[in-house]
Protein chains: 2
Amino acid sequence: MRAWHLTLPLERGGPAPLAAQIARGLAGRIRSGALRPGARLPSSRLLARMLEVHRNTALAAYAELAAEGWITTHRARGTFVSRELPVVATRRLAPGPRPPAPRAHFELPPAPDPRAALPPPGTLQLLGGVPDPRLVPVAALARAYRRALRRAEHLSYGDPQGHPRLRAALSALLGEARGLAVAPEGILVTRGAQMALALAARALLPPGAAVAVEALGYRAAWEALRLAGARLVPVPLDERGLDVEELARRVRAERIRAVYLTPHHQYPTTVALAPGRRLALLELARRERLLVLEDDYDNEFHYQGRPLAPLASSDAGASVLYVGTLSKVLAPGLRIGFLAGAPDAIARATAHRYFLDRQGDLALEAAVAELLEEGEAQRHVWRTRRVYLGRRQALAAALRGALEGALSFREPPGGMALWCRVEGSLSADLWAGRALAAGVAVQPGRLFAFDGRARPWLRLGFGRHDEREIREAVRRLAGAMPPRSGSSRR
Amino acid sequence: MRAWHLTLPLERGGPAPLAAQIARGLAGRIRSGALRPGARLPSSRLLARMLEVHRNTALAAYAELAAEGWITTHRARGTFVSRELPVVATRRLAPGPRPPAPRAHFELPPAPDPRAALPPPGTLQLLGGVPDPRLVPVAALARAYRRALRRAEHLSYGDPQGHPRLRAALSALLGEARGLAVAPEGILVTRGAQMALALAARALLPPGAAVAVEALGYRAAWEALRLAGARLVPVPLDERGLDVEELARRVRAERIRAVYLTPHHQYPTTVALAPGRRLALLELARRERLLVLEDDYDNEFHYQGRPLAPLASSDAGASVLYVGTLSKVLAPGLRIGFLAGAPDAIARATAHRYFLDRQGDLALEAAVAELLEEGEAQRHVWRTRRVYLGRRQALAAALRGALEGALSFREPPGGMALWCRVEGSLSADLWAGRALAAGVAVQPGRLFAFDGRARPWLRLGFGRHDEREIREAVRRLAGAMPPRSGSSRR
């Protein structure tokens with residue numbers, strides 16, 4: 001046998017078993033051409049000595065490589081690199097300069113522009129609606145998930161409408177906590193509220209349908225509606241929420257089919273839709289056969305008085321499709337949202353869901369159902385509600401201390417953000433840009449404006465960080481305040 | 001204090017803590033009206049005695065109810081049902097006859113018809129492409145998921161293109177096992193192949209684009225293309241796969257923008273696209289700027305000879321978008337698929353993904369990345385490939401024993417199904433219907449036909465069941481054979 005030199009970087013005690021590390025290492029050498037087809041490999045006994053591993057480890061590595069076709073073993077003659085490799089040689093895997101990435105050869109239509117940019121690491125995020133993932137009950141969640149995985153049917157194809165157990169638990173939750181009487185067949189479990197909205201729009205609106213939206217609102221929802229083919233019609237709002245009289249005028253003037261709104265803690269202004277307007281909106285919807293898409297994205301986080309019941313709970317006309325999410329109850333990363341409403345509408349949205357991603361993650365859905373059934377999710381909301389209330393107080397106090405006069409706000413009864421008016425001689429856009437450079441991300445009013453024009457507001461979220469971090473974020477925000485423009489009033 | 005009777009069905013040692021059970025039980029009594037607003041409740045000490053629980057349990061239950069607004073406690077006077085209940089009373093939660101489900105009041109456009117019907121429990125499923133969820137390495141998966149949950153960033157908002165670690169692991173897998181040189185930025189992680197296809201169609205095809213498909217093919221893919229606005233053009237196929245010459249004629253005759261195909265183990269016929277046709281297709285795509293959507297849904301399960309390299313691996317023109325899935329590698333229920341190709345095309349698909357469901361399940365993506373990095377997923381494929389080969393042999397032997405003459409087939413080099421020709425005087429549709437009644441689900445050729453007309457074929461999958469179950473399924477199938485029509489030839 002010829003001398004055979006081999007060094008492989010093995011990480012002992014690392015996450016990957018040694019046999020797998022050896023197999024991947026040798027496969028890499030073969031692929032890169034360092035080991036040629038037909039080359040003799042050391043015996044498993046010698047390989048074990050060379051790498052200082054147990055012989056069984058070397059045997060396991062060779063068995064894996066043989067099964068994959070990289071090597072062949074002849075009982076008498078020894079072990080060799082296969083003459084026919086499992087696949088054609090790859091074009092780039094050996095180290096070296098990277099070739100330019102290929103450009104698509106087919107024609108590309110224009111793409112929308114997602115707001116997917118994440119701030120650089122270390123940035124404090126005063127972003128509305130982002131809860132603190134550090135508060136998630138991960139141990140309970142991991143246990144429930146492990147239990148759910150034990151049932152083989154959770155790993156196969158299943159109900160595209162969502163796990164029946166989760167739909168039953170959501171039905172109970174909606175009845176108990178929000179006064180919404182909706183049976184499990186009136187619920188479709190989705191990947192977050194974003195998918196709920198995308199499905200509702202695709203399944204229930206004809207192409208080109210006009211949809212009314214709040215003139216200050218949630219851009220990702222607008223894009224979901226636009227990508228579904230909708231034409232958006234902005235309707236103004238004030239401190240009592242969406243201007244329903246103006247909506248009624250627009251409905252009369254053009255054929256509006258649906259309205260999308262956030263009536264509970266309006267996004268981004270945090271105001272609640274006034275009681276008279278709620279009734280007027282439901283009556284308008286009934287009369288004009290309008291679909292009402294009610295996005296109740298943070299129902300649970302209400303600190304003063306009772307949470308308002310959703311529009312859907314007093315919707316005798318079955319006009320409302322209710323969009324909910326567990327992103328704030330548990331965690332955004334779980335991507336569990338839902339659509340609730342009349343079963344015939346839900347059935348249509350389910351059909352679209354089937355052709356979009358077939359079904360949800362049934363094991364995760366079962367695990368979340370367990371957390372709801374056991375009351376773990378509800379207790380979590382109860383605990384975190386107090387935490388978030390403390391954070392709101394910390395943010396309000398820090399702003400009053402450091403930015404009195406520059407920012408003014410009313411503490412809203414709920415939600416995870418303050419909507420702050422910026423004093424007239426300051427530019428909200430400039431301030432937000434300087435703040436990001438100083439390590440704190442905040443959102444200027446322009447981001448929420450349908451017309452894309454500047455607004456003298458900043459939205460400051462208090463969900464993501466603890467009270468110490470919030471004070472530091474306000475310190476950075478104050479330090480980043482831009483110079484006042486010309487005619488400073490103070 | 002008045003006498004106060006209370007019985008609650010408590011499940012000791014059950015999954016829900018006793019305090020939560022008590023709280024939910026009392027909330028239910030309040031909601032149903034059994035406990036009226038203002039009614040006095042027993043002291044926590046008395047409640048504990050009545051229910052035979054520890055006093056701390058009773059205190060915890062009351063604390064939860066108080067936090068939710070169901071009850072109020074006055075230190076001196078005692079505990080009472082709130083006079084203002086947390087929400088408006090629900091319209092239906094007490095037992096009683098169920099009111100008819102509300103019908104949507106807004107207008108509903110026509111809906112597509114999903115094939116979501118699942119066979120009744122106990123049915124043996126000889127359905128192609130459905131792997132056996134009992135083989136999934138659930139312990140390793142649950143461990144990896146628990147580890148992934150420990151990182152708070154996996155529970156928050158993150159990269160809509162997929163976890164960078166999973167994209168890197170997929171890049172390595174594609175390079176190592178399939179000869180595909182694609183960098184992590186050329187990969188978009190999706191919810192299964194279904195979403196990969198839906199996104200590619202929505203992001204890369206203009207509305208109304210003509211897309212060629214196999215005349216016998218995968219209906220759920222066609223619906224995804226149709227819902228994205230595509231007009232489908234069926235192209236015939238034979239025992240060498242898609243008729244590329246005929247495709248070229250169609251491309252010249254009408255403005256075809258893309259072709260969707262399953263070149264490895266054609267769905268449903270199991271044939272491989274012949275080498276000459278592969279080259280001709282790539283050349284046609286390059287010349288005509290055609291987008292090729294290559295669905296390589298079960299690459300791993302190839303039993304004889306080497307798996308064919310994907311079209312994408314010899315695509316010098318960057319015309320191919322490669323659709324892959326881990327549904328067969330790990331489990332369909334995990335819904336991990338991906339799109340791989342030119343980075344500019346992937347960026348466009350990612351933008352659409354953001355507005356559809358924002359991002360994947362980052363914790364699950366990290367867990368699956370770990371299984372790939374450690375070689376656990378690859379070892380699983382190696383183990384299950386032998387299992388599936390054994391099942392294929394069992395199915396083939398059972399069919400030859402029980403249905404010689406009625407069914408004929410060639411054993412394909414890979415995949416999870418046999419495509420069986422039904423003898424001329426037998427109706428495949430009738431047979432499939434009778435088989436379902438006898439407890440075995442099989443798919444007649446009509447289900448795969450673009451024209452929706454009957455075809456003398458049955459597709460019999462062997463992935464879902466073990467060898468004993470397969471033999472039983474064939475016994476049921478043979479027992480369900482319909483009478484031969486008029487001119488029986490034997």
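Reader: Hi! Which residue just after α7(B) takes a positive phi?
Author: That's Gly229(B), with a phi of about 100°. This is a predicted model, where local features need pLDDT of at least 70, side-chain atom pairs count only at pLDDT 80 or more, and totals for chains, interfaces and linings use all residues. Residues are numbered from 1 along each chain as its sequence is written, chains are lettered from A and ligands numbered from 1 in written order, and side-chain values use heavy atoms, without hydrogens and water.

Reader: Thanks! Which residues of helix α7 of chain B are buried?
Author: Ala220(B), Ala221(B), Trp222(B), Glu223(B), Ala224(B) and Leu225(B). Buried means under 20% relative accessible area with a 1.4 Å probe, protein chains only. Helices here are DSSP runs of H or I with at least four residues, strands runs of E with at least two, numbered from the N terminus.

Reader: And what covers them?
Author: The cover includes α10 (343-357) of chain A, along with α6, β6, β7, β10 and β11 of chain B.

Reader: New topic: how many residues of chain A are in contact with chain B?
Author: 127 residues of chain A, in contact with 129 of chain B; contact means heavy atoms within 4.5 Å. On the chain A side, α10(A) gives the most, with ten residues.

Reader: How many salt bridges are there between the chains?
Author: Four, counting a side-chain nitrogen of Lys or Arg within 4 Å of a carboxyl oxygen of Asp or Glu. One salt bridge joins the side chains of Arg103(A) and Asp344(B), at 3.5 Å, N to O.

Conventions. Buried means under 20% relative accessible area, exposed over 50%, partly exposed in between (1.4 Å probe, protein chains only).
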